[in-house]
Amino acid sequence: VSAPIALDGTPGDAAKWRFVRRRAFAVFQSHGYVEVRPPSLEPAGTAARAGGEAAISVVGGGELRADPVASIAQLYVAHGGPMVSDRFARWMLAGSAYDPAPRGAARSRAWQAVAGLILGASDPAADAEIAALCEGVAADIGLDEPEVVIGSVGDAADLERYAAATAELGPLRCASCAASRDPLRFLSCEDEGCRALAASAPPLRASLGVAALKHHEAVLATLEASGFTVRDDPKLGFGAGRYNRTVVELRARGPSGEVFTVARGGRRDRLLEALGGKSLPAVGLTLGVVRAAACTPGDGESYQPACEVFFAARGSGGRAFALRAAAAERSRGFRVDVDLRPDKEAGWADQLRRAERVRARVVVVVGDVERKRGEVAIRDMQTRETRTIPEDTLPAELKRLLR
Ligand SMILES: [Zn+2]
């Protein structure tokens, strides 16, 4: 089954995605990240140089962003040196990314990411902060049963040791894993055979050298001392070409009870050099917006901002009054909807039904009868009370109700 090119954003989906993206963005910002906007069309070979699979290439040159953290690093390499004098920075991006071979639910070729990269951070505290960031995002968005899992893929020599220790499993991997540049891919592959292999494989931790083990213990100690709850998994491993030492995964429960990986990150000390920059330790994290939304309770419509004032209007005089009064209320900062359907298509009952649908707080009813008397009817949708008031008292009355 091939994955969709992109997931459709109906109004409800879009509202939920916007909520997730906005909250994730705010949590990154609260950790000191500043936004950058590298183009999503990148120099050919960027994803592969950054240690991933080949990206989707574009006619005329270049490739589509596959690895948002690499995009940030690419921008830093191109412009960062002279701009960041102390060689320490937290940069983030929110934007589209493109997966040449998406697998699993809520994944597609085009996807939305919120990602961050800490540059110039060799201390285990930086790895710990990425894990803490996962916890912060999970709590802020309200993910269902979130869990932050942490592991270590060690250093290059450790990975070679692990490859040797699991050599006999090699031919048993699925076709995608066999074709992948990442020897750890089978550990998180959704193929049934690979899952069985992953379960029988020795823990990655057993292949780690002293330096990587000490680093990992320092990360765990920092997290514990700072009061963060993460699960240390000696078997967690992915992205052998991308990461060294720490890898972090944020998981949560999806709509049908399945566990989704919502964010992934870790230490990427080779990244800047691989993209042509100077050697600089780095730690990054990428969150998938749609996946996170799938693990966030509530249907999309409930994330739609509710309408505050709904004008139900009939007759040309009523509609003209409604347009004028609506403009005045909007300028006061309220979200206002005016029913613009012609009289013969929408009676009062139809208009009130629409007001319910958009979860209006107050409905202002104005028709020819009310216009003649210089009045409007105002319905409080919470108490279900309707009163008729002089039209010039409407602004004060709305202010009182919406306070
Ligand atoms: Zn596989």
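Arg245 has a relative accessibility of 18% and therefore counts as buried, a label that applies under 20% relative accessible area, with exposed meaning over 50% and partly exposed lying in between (1.4 Å probe, protein chains only). The model is a predicted one, in which local features need pLDDT of at least 70 and side-chain atom pairs count only at pLDDT 80 or more, while totals for chains, interfaces and linings use all residues. Residues are numbered from 1 along each chain as its sequence is written, and side-chain values use heavy atoms, with hydrogens and water left out.

- Arg245 is found in the loop between strand 7 (231–232) and strand 8 (246–253), where helices (H or I, at least four residues) and strands (E, at least two) are DSSP runs numbered from the N terminus.
- Phi of Arg245 is near 60°, a positive value in a residue other than glycine.
- Leaving aside residues up to four places away in sequence, Arg245 touches Gly151, Ser152, Val153, Gly154, Asp155, Ala211, Ala212, His215 and Arg267, contact being defined as heavy atoms within 4.5 Å.
- Ala106, a residue other than glycine, also has a positive phi, near 55°, and it is placed in the loop between strand 4 and strand 5 (110–119); with a relative accessible area of 25%, Ala106 is partly exposed.

**Zinc site**

- The zinc ion is coordinated at 2.3 Å by the SG atoms of Cys174, Cys177, Cys189 and Cys194, donors being N, O and S atoms within 2.8 Å of the metal (3.2 Å for Na, K and Ca), and because water is not among the atoms, sites may look incomplete.
- The four donor atoms subtend angles of 107 to 114° around the zinc ion, so the arrangement is tetrahedral, a class that requires all angles among four donors to lie between 85 and 135 degrees.
- For comparison, the ideal angle for four tetrahedral donors is 109.5 degrees.
- The donor residues follow the spacing C-x2-C-x11-C-x4-C in sequence.
- Cys177 lies in helix 6 (residues 175–179) and Cys189 in the loop between helix 6 and helix 7 (192–200), so this pair ties together parts that are twelve residues apart in sequence; Cys177 and Cys189 are both buried.

**Aromatic pairs and charges over rings**

- Four aromatic pairs are counted, where rings of Phe, Tyr and Trp (its six-membered ring) pair if their centres lie within 6.5 Å, with planes under 30 degrees apart called stacked, over 60 edge-to-face and the rest tilted.
- One of the pairs joins Phe28 and Tyr33, whose ring centres are 5.2 Å apart with planes at 65°, so it is edge-to-face; both residues are buried.
- Tyr76 and Trp91 also form an edge-to-face pair, because their ring centres are 5.2 Å apart and their planes at 70°.
- This pair links distant parts of the chain, with Tyr76 in helix 3 (residues 68–83) and Trp91 in strand 4 (residues 89–98), 15 residues apart, and both Tyr76 and Trp91 are buried.
- Arg264 lies over the face of Phe238, at 3.9 Å from the ring centre, and the charged end of Arg268 sits over the ring of Tyr243, 5.4 Å from its centre; the criterion is NZ of Lys or CZ of Arg within 6 Å of the ring centre and within 35 degrees of the ring normal.

**Nonpolar cores**

- The largest nonpolar core has 40 residues, of which Phe28, Val114, Leu143, Leu250, Val262 and Leu287 touch the most other members; such a core is a set of buried Ala, Val, Leu, Ile, Met, Phe, Trp, Tyr and Cys residues joined through side-chain atoms within 4.5 Å.
- Helix 4 (residues 124–141) supplies the largest share of this core, nine residues.
- A second, separate core of 21 residues includes Val149, Cys174, Leu197 and Ala198.

Methods
Tetrahedral: all angles 85-135°; square planar, octahedral: opposite > 155°, others 65-115°.
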